[in-house]
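Here is a short report on the structure shown below. Please keep the sequence and the model in view while reading.

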Amino acid sequence: MGAPALAAAPGRRRNYARRYWWFVVPAGVVVLSVILFPWAFTLFMSAHDWKIGGGHHFVGLDNYRKLLTDERFHWAMLRTLYFTALAVILPMILGVAGALVFNRKFPLRGLARTIFILPMMATPVAVALVWTMMFHPQLGVLNWLLTWFGLPPSMWIYDPATVIPTLVMVEVWHWTPLVMLIVLGGLASLPQDPYEAAKIDGASALQAFWHITLPLLAPFIVVALIIRTIDALKAFDTIYVITQGGPGTSSETINIFLYLQGFAYYNMGYASAVVVVFFLLIVALASLLLWTRRRVKA
Amino acid sequence: MMRLLEKLGFALAVLFLVSPAILVFLWMLSLSMKTELDNTAFPPVFIPNPPVWDNFIEVFSRNDFLKYTWNSILVSFSATGLAILIGVPAGYGIAKMQATRAAMLILIARITPGLSYLIPLFLLFQWLGLTGTLTPIVITHLVITVPIVVWVMIGFFEGLPAELEEAALVDGATIWQAFRHVALPLAMPGITVAVILSFIFSWNNFIFAMVLAGRETRTLPVAVNNMLTFEQISWGPLAAAALLVTLPVLLLTLLAQKQIIAGLTAGGVKGG
C-alpha cells in the first residue's frame, strides 16, 4: 500500500459509483410504474371527459375551468385549510410540550412514551370506529364526560358547526405523537454547553428555554411542521370512516371530494384535475415551509 | 415543598399526555367485552361485569372475518417482503452514490396523497383484468412500503463505516459481494426497523383496498369499515372487530418500541 494505491483510488471509486446504479434499478422500475406513471397518466386524464363505462374524449382545460366555478370544490378547499390550520397548530403545541416532558428522566418513562405513541401506530379505521361510538349524542361516553364536568352535551359529528373541530380532535389524538418524536429526537441532539453557560450567568429555566432551547430546536420544529402540514392536508381515513363528508357536505375536505368524484360518481377526468390542483396546493405549502426552514437555519 | 409541588405538576403533565391514549384503548376493550345491554346503558358501564366473549365469537362467526384476516396477512407480508427485496439494495445504492435527487423522489412519494395514485391505477388494473385478485392491492401497497424501506435504509447505510467494504473491494470482491457479505449483515438492525414500519403501515392501510378490493379480496380495515356502514351491527361486535384488527400492530409497537422510535425519529415516515 503506497503511492500507486492512493493514485488509483479516485478513478476506481468513480467507476464503482456508476456501477451502484444497478442496486437502484429494481426500485426505480417500481417507482416509475406505480408512482411516476400514475402522475403522467393523471395529467393526461385531467384533459379529458373520462367516465368509467362511458368512454372519454379530449376537453382541454375544461375540467380546470369547471373547478374554478364549482362551489362545492371551493368549500372543500376552505374546509381543508380550516381543518389543516387546527390540525397543525394543536399537535405542534402539544407535541413540543410532550417532547419537553419525555426528554426529562422519570420513573416508567419508557412505558409512558410507548403508550403515548400507540395512537399513531394503531389502525386508523379501528380507532375511527371507537371514536364514532364515543360521539353518539345520547349513549356516547363523551357526552357523559361533558355532563360529569357540568358542561352541556355536544352534537359532535352530527352538527355542521362542530363536525370539523371534532374531527380535528381525532387527528390531534392520532398524530401528536409523530410531532413529539421528531422534536424529541432534536432535543436529544442539543449540546449541553450553552445551558451550563446560562446557569453560570444566572438565567432562569424559562429564559434558558426561550433563548437556548427554542432557537436550537427550530430546525426540528420546522421539519415536524412540514410533515404535519402535509399529513393534515392528506387526512382521509378517519374523516371518511367517521363522517364520509357529512352531515351534508359539512366535513367534505378536498380528499373526500376527490374520492367521491372519482369512485362514487366515476368522473375520472374531473377527479384527475382535482388531484393536480390538490398536489399543487400541497407542494406550495410544503415549499413555503421549506423556505421558512432555510431562513430559520440561516 | 417547592420541589414536591414541581414533581406533582410534572406527574400531572405526564398523566395529561398519556390519558387520551389510555382512555380510548381501554374504552375499546370495555365495549368489546360487555353485553349489548351494558354497552347502550346511560350513564355508561365502564368495567364489564362479568366480562363476556360473545362479541368476539360473533365477529368470527359473522361474515368472512377469517378470510379477511388471511387477506390482510398475505397483502402486508408480500408488500413488505417485496419492498425489502428491492428497497434495501436501492437504499444502499443511493447512499453509496450520494444520489440526493433519487432521495428527493422518495420524498415526493411521501408527499403525494394515496388517493391520487388510485385513479390511474384503478383503470390500469381494469384493463389488465386484475381486479378481483389480491395482486393490485399488493402492488399499490408498494407505494407505501418501498419509500419507507428505501428511506430508512439510506439513513442506515449512510451511518455505516465504509472501511470494511472498501477492504473487501481491495481484496478483489465485486461490489455485489461487498454488499451481500459485508454491508448486509451489518445492516440487519436497519432492516428490522424497515420491516416493522413497512408492515405496520401496510397493515393499517385502508384506502387502497377500499377502492380496489372486491367481496373476496377485502383486507381487515375495509371489512371492519363495511361492518359500520353497511351491516349495522351492534357496538360490542364492532368494538371487538376493531380491537382484533389493531391488536397485532399495538403488540408489535409494544415489543419493538425502540426500533419503531428510532425509525420514525430519523425519517418521520408514515404511510398513505
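## The hairpin in chain A

In this predicted model, K51(A) has G55(A) as its bridge partner in β2(A). W50(A) stands opposite H56(A) in β2(A). Strand β1 (residues 48-51) of chain A and strand β2 (residues 55-58) of chain A run antiparallel, joined by four bridges. Three residues lie between the two strands of this hairpin. In the turn, G53(A) has a positive phi of about 85°.

Which residues of β1(A) are on the covered face, and which on the uncovered one? H48(A) and W50(A) are covered. D49(A) and K51(A) make up the uncovered face. Side chains in a regular strand alternate between the two faces of the sheet.

## Confidence in chain A

Chain A has a mean pLDDT of 87. Of its residues, 93% reach 70 or more. Helix α4 (residues 71-103) of chain A has the highest mean pLDDT among the elements of the chain, at 95. Helix α1 (residues 3-19) of chain A has the lowest, at 49.

Over residues 1-13 of chain A, pLDDT stays under 50. The model has zero contacts beyond four places in sequence for this stretch. Where pLDDT is low, the predicted coordinates should not be read in detail.

## A covered helix and the nonpolar core

Helix α6 (residues 124-134) of chain A is mostly covered, with 11 of its 11 residues buried. Among them are A126(A), L129(A), V130(A) and W131(A). P124(A) and M134(A) are also buried.

The largest nonpolar core has 165 residues. L129(A), V130(A), V183(A), M153(B), V224(B), A239(B) and A242(B) touch the most other members. The biggest contribution to this core, 16 residues, comes from α7(B).

A242(B) links several of these names. Leaving out residues up to four places away in sequence, A242(B) touches A126(A), L129(A) and V130(A) in chain A. In chain B, A242(B) touches M28(B) and V224(B).

## The contact between the chains

How many residues does each chain give to the contact? Chain B gives 71 residues and chain A gives 69. On the chain B side, helix α1 (residues 2-32) of chain B supplies the largest share, 13 residues. By class, the side of chain B that touches chain A has 56 nonpolar, 13 polar and two charged residues.

## Chain B overall

Chain B has 14 helices and zero strands. Its C-alpha trace spans about 75 × 70 × 30 Å along the principal axes. Of the 272 residues of chain B, 49% count as buried.

## A loop residue in chain B

T131(B) sits in the loop between α6 (114-127) and α7 (135-159) of chain B. Is T131(B) buried, exposed or partly exposed? T131(B) is partly exposed, because 15 other C-beta atoms lie within 10 Å. A buried residue would need 20 or more, and an exposed one 12 or fewer.

Which residues does T131(B) contact, leaving aside neighbours within four places in sequence? They are F125(B), Q126(B), P136(B), L212(B) and G214(B). T131(B) and L212(B) are 81 residues apart along the chain. Their C-alpha atoms are separated by 6.9 Å.

How values were computed:
Residues numbered from 1 in each chain as written. Chains lettered and ligands numbered in written order. Predicted model: local features only at pLDDT ≥ 70, side-chain atom pairs only at ≥ 80, totals over all residues. Contact = placed C-beta atoms within 7 Å. Nonpolar A, V, L, I, M, F, W, Y, C, P; charged D, E, K, R; others polar. Core = buried A, V, L, I, M, F, W, Y, C linked by C-beta atoms within 7 Å. Pairing = 2+ DSSP bridges. pLDDT = per-residue confidence, 0-100.
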